[in-house]
Amino acid sequence: MRHHTKGFVSASLLATAIAALSYSLSAQQLPPQLQPPANEQLLLQVHAKGDQVYTCKSDAAQFT
């Protein structure tokens with residue numbers, strides 16, 4: 001029974017944190033290019049940091 005209670009409490013805290021985070025982030029403005037369509041709404045916005053690595057491959061006369 002204790003194991004189930006810990007799981008429920010953990011899930012509840014996680015859900016509360018996600019709701020609070022998405023509520024606070026929804027107040028921030030997004031650039032027009034990133035605005036969701038009128039019939040949709042932003043659910044979650046997160047900050048990311050890192051690198052994107054691109055490669056170019058030649059296949060006969062085409063590049064991909």
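**Reading a predicted protein chain**

User: Leu14 lies in helix α1 (residues 2-26). What pattern does the protein chain follow along the sequence?

Analyst: Helices (H or I, at least four residues) and strands (E, at least two) are DSSP runs, numbered from the N terminus. Here the protein chain has one helix and two strands, in the order α-β-β. This is a predicted model, in which local features need pLDDT of at least 70 and side-chain atom pairs count only at pLDDT 80 or more, while totals for chains, interfaces and linings use all residues. Residues are numbered from 1 along each chain as its sequence is written, and side-chain values use heavy atoms, without hydrogens and water.

User: Where is confidence lowest, and where is it highest?

Analyst: pLDDT is the predictor's confidence in each residue, from 0 to 100. The protein chain averages 76, and 80% of the residues score at least 70. Strand β2 (residues 62-63) has the lowest mean, 71, whereas strand β1 (residues 58-59) has the highest, 78.

User: Does Leu14 count as buried or exposed?

Analyst: Buried means under 20% relative accessible area, exposed over 50%, and partly exposed in between (1.4 Å probe, protein chains only). Leu14 counts as exposed because its relative accessibility is 53%. Of the 64 residues of the protein chain, 3% are buried.

User: Where is Pro36 found, and which residues does Pro36 touch?

Analyst: Contact means heavy atoms within 4.5 Å. Pro36 belongs to the loop between α1 and β1. Leaving aside residues up to four places away in sequence, Pro36 touches Leu30, Gln41 and Leu42. With a relative accessible area of 28%, Pro36 is partly exposed.
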